[in-house]
Amino acid sequence: MTLVAIIDGKPNRNNYSEHFPFEFDHFHLCSRNIPKILKKDVDIDVDLDLYDFVILVGAEATKHYAKVSVGNFAGILCDNKFLPITNPAMLIFKPEGKPEFDRNIKKINEYISGKRTNLVVTGDFKGIIDEEEARAFLQEILDLPENHPVAIDTETTALEPRNGYILGISLAYKIKHGRYIATDAMNDENTELLHKIIAKHSMIFQNRKFDEKWLNYHFGTKFKLDSHDTMVMHYTLDETQGSHGLKILALKHTDYGDYDTPLVEFKEEYCKTHGISKDDFTYDLIPFDIICIYASIDAACTLELYFKFWPIVSAHPKLRPLYTTILIPATHFLMEMEETGIPMSKVRLEASSKYLDYQIMEAKKAVYRFPEIAIFEEHQGAVFNPNSPMQLRKLLFDYLGLPPSKLTDSGATSTDSEVLEGLSELHDLPKAILKIRKLSKIKNTYVDKILPALDRDGRIRTNFNLIFTTSGRLSSSGKFNAQQIPRDDPIIKGCITARVGYKIISQDLSTAEVYYAAVISGDKKMQGIFLSGGDFHSSTAKLVFNLPCAVEDVKKLFPTERQAAKAVTFGILYGSGAASVSETVTKESGNYFSVQDAQDVISDYFKTFSTLKKWLDARKKEIQTNGYIYSFFGRKRRLSNVFSPDKGIAAHEVRSGINALIQSLASDINLIASMEIRNELKRLNIPAEIFMLVHDSIVVHCKEEYVEQVQAIMKECTQRDRGCSIPGFPIGIDQDVGMDYSFEKFEKTYAINDDNFLVKLEKAA
C-alpha cells in the first residue's frame with residue numbers, strides 16, 4: 001500500500017478528499033492559524049521516512065521541504081518524494097489558475113497510482129572539446145537544407161559580455177539531440193563555420209537578447225533580424241509574468257523535467273564546501289562533464305519549444321503579426337540600444353555621492369535635535385537608529401502617540417514611506433526621518449551602484465525588458481533601472497550627460513493615454529477637444545461644467561472644476577470610482593470635494609462623452625463574457641479572474657483589461673516609432689543613437705549640428721498614421737534638448753553660480 005502524507009501551512013478549511021481519492025495523513029507546518037508563518041513558528045512533528053509520497057500544499061510547505069518554488073514545480077515530483085501543489089483556497093481569489101491546478105492534481109494522482117513516473121532524460125547529448133570533432137558537427141549542421149531550424153545557446157561566466165567570457169556554445173537541430181562545444185574548440189575555421197550556419201539557417205534562441213549580445217561581442221556574429229526567440233514566442237501566447245524562463249517552460253511543455261538537478265546539486269555543494277555565496281558562483285566552476293549535458297539539453301529543449309509554440313503563433317491572425325512585426329524586431333532593437341549604453345558623467349556621480357553623504361549627515365543631525373529623541377534614548381538606554389523599524393515603531397506610536405495606519409505582511413505596525421508621508425502632516429519628526437530615507441535611497445540605489453558599474457567608455461549598460469509586464473510596457477533591470485529614475489530630484493538625471501559636441505534629445509508623448517482612449521472609443525466630442533487645441537483638461541472642464549470663460553482662463557478661475565475633470569478622465573482610464581475621484585480632487589485642489597460631488601461629475605462626464613461610455617460598457621461586457629481581450633496591435637490580455645465570485649476581484653480584472661487596451665497602444669506606438677527612428681538615422685548615416693526608452697519617452701544622444709534634423713525625424717516617425725490617430729490631428733509630442741537628461745534642472749538645483757554648477761557639490765565634499 002502506498003503511504004501518503006499531505007502537509008500544508010496551517011489549519012484551514014481545505015477538503016483535500018475532493019482532489020485525492022486515496023487515504024492520506026494530514027499535517028500542518030504550524031499548528032496555529034497565524035497570518036504569516038516564519039521559521040520559528042514551524043512546530044510540525046512528522047517522520048517523512050514513513051511515507052512514499054508527501055504532497056506539499058502552498059508556498060510555505062513547498063519551500064520548507066522541497067526547497068523549490070511551488071509556482072514552478074507544482075505537479076512535479078521532487079527528490080522522488082515531494083509533490084508540490086498550490087493552495088486550492090487561492091482559486092477563490094484567482095480562478096484563472098483553475099485549469100493549471102486541475103492539470104497538476106491529475107499529475108499528482110498519476111504519480112501516486114503509479115501511472116506516472118519521473119522521466120529519465122533520454123537522448124543524444126554530449127560535449128565537444130576537440131577542434132576536429134567540433135568542425136565535423138558544425139559541418140553537419142551547415143549541410144542541412146536552407147532555413148533548417150537550429151537552436152543556439154551559450155554558457156557564460158557573467159551576465160554582461162564585457163564582464164566575462166563564453167564558456168561554450170550549445171546547438172541542436174533535431175529532437176532529443178544536442179551538442180555543447182567548449183570555446184577552446186572554436187578555432188578560426190570553426191568560428192567561420194558558425195558564421196555560415198547563422199547566415200544559412202533559421203536560428204532559434206531562448207532569450208535572444210542575452211545570447212546574441214554575447215556571440216556578437218566575442219565571436220563577431222551577425223544574426224538575421226527574423227531569428228526566433230521561444231521566450232518571446234511564449235510571451236505572445238501567454239503574457240503571464242514570470243512564466244517565460246526555460247526551466248519553467250521545460251517543466252510544463254516538455255518531458256525533460258528538472259534536468260538541471262546535477263548542476264544545482266554541484267553548485268550548492270561547491271558553495272557550501274568553499275564558503276562562498278550563490279551570487280558569487282560562476283559557471284566556469286562547474287566540471288565539463290556536468291555542464292555539457294545540461295547545456296546540450298538547453299538547446300534541445302529550446303528547439304522542442306519552438307516546434308510546440310511556432311505552429312500556434314504562426315496560425316493565429318492576431319498573434320503572428322504581433323510576434324513577427326513588433327516583438328521580434330523590438331527584441332533586436334532593444335539589444336542594440338542596450339549595447340549603445342547610457343552616457344554618464346563620472347565626475348558628477350562622484351561629486352553627487354559626496355554631496356549626498358553631506359546631506360544625509362545634515363538630515364540625521366536635524367533628527368537628533370528633536371527633544372523626543374533624547375527622551376527616547378534615555379528611556380531605551382540606546383542610541384536611536386532611524387533605520388531600525390522596531391525603534392521607529394516605538395518612537396512614533398508609543399512616545400509620540402501618532403496613529404498607526406497599516407500593518408506589514410507579518411502583522412507588525414508599518415513604518416514605510418507611505419506611512420511616514422501621512423504622519424508628516426501631524427508631526428515634523430516623521431518628515432525629517434523621511435528625508436533621510438529619500439536621500440539614502442538615491443545614494444544607495446543609484447549613485448553607489450552606478451559608479452562601479454560604468455564601462456570604460458563612461459556608459460552604463462542595463463536591460464530593457466520586453467516581456468516582463470502584462471500591458472506591454474517596458475521594464476528595466478540589471479545594473480541600472482532606467483524606468484525608475486527619481487522624478488522629484490534631478491541629481492540622477494543630471495548625471496546622464498552628453499559628451500562634448502553632442503546633445504541629449506528627449507521626446508514624450510503628450511496626454512497619450514487620453515488621446516488613444518479618444519481614438520479607439522471613437523468619441524467625436526473627446527476627439528474634438530484635441531482638434532480645438534489648448535489645455536485638454538481645461539477644455540474638458542469647460543465642456544462638462546459649461547464654464548462661463550475662455551478655455552485659457554479655466555485653470556486660473558476654476559481650478560477645482562479643472563482638477564475634477566482631470567481626475568475623472570484618468571479615473572475612468574484606471575477604473576477609479578467616485579470615492580477615489582473625491583479624494584484626488586480634495587488633495588490636489590485644496591478644496592473639499594465630496595463623494596456625491598464626484599459622482600455628479602462622473603455622471604455629467606459620461607453624458608458629455610456618451611460614445612466613450614458605450615465603448616467602455618461594450619469592452620466590459622466583452623471581458624466578462626470571454627475572459628480575455630485583444631489590443632489594437634493584437635496583444636491578448638487574459639483576464640480569467642473576471643469569473644471570480646469575489647466581486648471586487650472581478651471588477652479589478654475588468655479595469656485591468658480596459659487599462660491594458662489603452663496603455664498597451666501608447667507603449668506600442670512609442671516602441672514602433674523608436675524602431676522607425678533608429679532605421680531612419682541609420683539610413684541617413686546621422687551620428688545619433690537612441691540609448692533609452694523611459695515610459696512614453698524616447699531619449700537620443702545626437703551630434704549638435706544634427707539636433708534639429710533628428711527632432712524632425714523623431715516627430716515624423718512618431719506621428720505617422722498607423723490607423724490609430726485622430727484624422728487631421730496626430731498624437732502630440734513634447735521635446736527637450738540639453739547637455740544632460742535633467743535639461744538644466746540639475747544646474748538650477750545645485751549651482752551656486754552660472755560659471756561652475758559643481759561648486760556646491762565640491763564644497764560639500
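1. Is Glu418 buried or exposed? Glu418 is exposed, as its relative accessible area is 57%; here exposed means over 50%, buried under 20%, and partly exposed in between, with a 1.4 Å probe and protein chains only. Please keep in mind that this is a predicted model, in which local features need pLDDT of at least 70 and side-chain atom pairs count only at pLDDT 80 or more, while totals for chains, interfaces and linings use all residues. Residues are numbered from 1 along each chain as its sequence is written, and side-chain values use heavy atoms, with hydrogens and water left out.

2. Glu418 has a partner worth a look. Its side chain meets that of Lys406 in a salt bridge, at 2.9 Å from N to O; the rule asks for a side-chain nitrogen of Lys or Arg within 4 Å of a carboxyl oxygen of Asp or Glu. The pair links distant parts of the chain, since Lys406 sits in the loop between α14 and α15 and Glu418 in helix α15, 12 residues apart. Helices are DSSP runs (H or I, at least four residues), as are strands (E, at least two), and both are numbered from the N terminus. Lys406 is partly exposed, with a relative accessible area of 30%. By the salt-bridge rule the count comes to 43.

3. Staying in that loop, do have a look at Ser414, which lies between α14 (389–399) and α15 (417–423). Ser414 counts as buried because its relative accessibility is 5%. The side chain of Ser414 reaches the backbone nitrogen of Asp416 at 3.2 Å. That is a polar contact: a pair of N or O atoms within 3.5 Å, where within protein one must be able to donate a hydrogen and the other to accept it, and residues adjacent in sequence count only if both atoms are side-chain atoms. Not counting residues up to four places away in sequence, Ser414 touches Phe397, Lys406, Leu407, Thr408 and Val419, where contact means heavy atoms within 4.5 Å.

4. Next comes a linked group of charges. Asp455, Asp457, Arg461 and Lys479 are joined in a network of salt bridges. Arg461 and Asp455 pair at 3.0 Å, N to O, and Asp455 also forms a salt bridge with Lys479, the closest N and O atoms being 3.9 Å apart. Asp455 lies in the loop between α16 (428–453) and β12 (459–460) and Lys479 in the loop between β14 (475–477) and β15 (502–509), so this pair ties together parts that are 24 residues apart in sequence. Arg461 counts as buried at 6% relative accessibility, and Asp455 likewise counts as buried at 13%. Lys479 is partly exposed, with a relative accessible area of 22%.

5. Arg208 deserves a point to itself. Arg208 is placed in helix α6 (residues 208–219) and is buried, with a relative accessible area of 1%. The side chain of Arg208 reaches the backbone oxygen of Ser227 at 2.9 Å. Leaving out residues up to four places away in sequence, Arg208 touches, among others, Asp226, Asp229, Ile328, Thr331 and His332.

6. Beyond its neighbours within four places in sequence, Ile496 is in contact with residues including Ile342, Phe480, Ile504, Phe691, Met692 and Tyr741.

7. Leu439 lies in helix α16 and is buried, with a relative accessible area of 10%. Leu439 touches Leu356, Gln359, Ile360 and Ala363, not counting residues up to four places away in sequence. Leu439 and Glu622 are 183 residues apart in sequence and 47 Å apart in space, C-alpha to C-alpha.

8. Finally, the surface. Phe93 is found in the loop between β4 (82–85) and α3 (98–113) and is partly exposed, with a relative accessible area of 42%. Met90, Ile92 and Phe93 make a nonpolar surface patch of about 290 Å². Patches are made of residues with over 30% relative accessible area and no salt bridge, with like charges joined within 9 Å and nonpolar side chains (Val, Leu, Ile, Met, Phe, Trp, Tyr) within 5 Å. Accessible areas come from the Shrake-Rupley method with a 1.4 Å probe, and for residues only the protein chains shown count as cover.
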